[in-house]
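This briefing goes through one protein chain, from its overall make-up to a few single residues. Please keep the sequence and the 3D view open while reading.

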Amino acid sequence: MSLTVIGWLMSGLGWLRKAFAALVDLAGRYPWQTACAALAVCSAWLWHGEHKVAQQRDAARATIAQMKDASKKAGAAALAQRKADEQHYKELADNADAQHTDETARTNRATAQYLSEHRLRADAASHPGGAAPAQAQGDHAGISSDTATDAVMVAVSDADVKTCAADYSYAKAAYDWAMSLGN
């Protein structure tokens with residue numbers, strides 16, 4: 001540091017030292033007045049701190065009130081959304097049930113028609129081997145006369161065909177319902 005700066009600091013510190021000495025001399029001459037002034041300064045400082053704390057408390061209370069209000073609104077919105085979702089899924093389930101009922105009726109009709117058209121006649125099944133296949137009469141197909149001799153025939157009971165049709169109807173309804181959940 002330069003000598004001028006050091007000299008300036010020394011003179012400034014000297015002035016500060018003289019002011020402090022004068023203040024102590026004044027406090028020594030007027031002790032009660034000095035004590036009152038010190039108490040007034042401390043009271044003002046404490047009041048300022050208390051006022052600041054009260055402002056912070058009031059701000060925190062306002063924030064909490066806003067949070068409670070926002071929470072109530074969010075709760076109401078969530079409840080409304082839940083009710084809307086429940087209604088939507090109830091409608092989807094009702095539609096799925098109606099479609100399943102319609103599909104089951106259609107499947108039952110188609111199964112009955114299939115069984116009717118592909119039923120073997122009892123007299124054709126009673127002539128094993130070389131007997132000529134009987135011609136179809138009415139709506140029943142019987143065994144067609146142009147069936148190849150090496151074709152393999154499988155007989156399935158009515159109950160099994162109806163069970164397969166019902167399972168297909170149920171599986172299709174479940175699949176359609178699951179696909180509707182994505183919408």
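In which helix is Ser169 found? Ser169 is found in helix H4. The model is predicted, and the values below are computed from it.

**Whole chain**
- The protein chain has four helices and zero strands.
- Read from the N terminus, its elements follow the order α-α-α-α.
- The protein chain has 183 residues, and 9% of them count as buried.
- Taking contacts between residues at least 6 apart in sequence, 61% join residues at least 24 apart.

**Packing of H2 and H4**
- Helix H2 covers residues 31–118 and helix H4 covers residues 158–181.
- The two helices pack with their axes 9 Å apart, at an angle of about 155°.
- Angles over 145 degrees count as roughly antiparallel, and H2 and H4 are therefore roughly antiparallel to each other.
- The crossing in which H2 passes H4 is right-handed.
- In the contact of H2 with H4, 13 residues are nonpolar, seven are polar and five are charged.

**Ser169**
- Ser169 has a relative accessible area of 1%; buried means under 20%, so Ser169 is buried.
- The side chain of Ser169 makes a polar contact of 3.0 Å with the side chain of Thr104.
- Beyond its neighbours within four places in sequence, Ser169 is in contact with Thr104, and also with His100, Glu103 and Thr107.

**Ala174**
- Ala174 also belongs to helix H4.
- Its relative accessible area is 34%, which makes Ala174 partly exposed.
- Between Ala174 and Asp97 the separation in sequence is 77 residues, while their C-alpha atoms are 9.5 Å apart in space.

**Ser180**
- Ser180 is another residue that lies in helix H4.
- Is Ser180 buried or exposed? With a relative accessibility of 17%, Ser180 counts as buried.
- A polar atom of the Ser180 side chain lies 2.6 Å from the backbone oxygen of Trp177.

**Recap of the H4 residues**
- For Ser169, the polar partner is the side chain of Thr104; for Ser180, the backbone oxygen of Trp177 lies 2.6 Å from a polar side-chain atom.

Definitions and conventions: Residues are numbered from 1 along each chain as its sequence is written. This is a predicted model: local features need pLDDT of at least 70, side-chain atom pairs count only at pLDDT 80 or more; totals for chains, interfaces and linings use all residues. Side-chain values use heavy atoms; hydrogens and water are left out. Axes are lines fitted to C-alpha atoms, for helices over the stretch in contact, and angles run from 0 to 180 degrees between N-to-C directions. Angles under 35 degrees count as roughly parallel, over 145 as roughly antiparallel, 65 to 115 as roughly perpendicular and the rest as oblique. A crossing is left-handed if the near helix is turned anticlockwise from the far one by less than a right angle, and right-handed if clockwise. Ala, Val, Leu, Ile, Met, Phe, Trp, Tyr, Cys and Pro count as nonpolar, Asp, Glu, Lys and Arg as charged, and the others, Gly among them, as polar. Buried means under 20% relative accessible area, exposed over 50%, partly exposed in between (1.4 Å probe, protein chains only). A polar contact is a pair of N or O atoms within 3.5 Å; within protein, one must be able to donate a hydrogen and the other to accept it, and residues adjacent in sequence count only if both atoms are side-chain atoms. Contact means heavy atoms within 4.5 Å.
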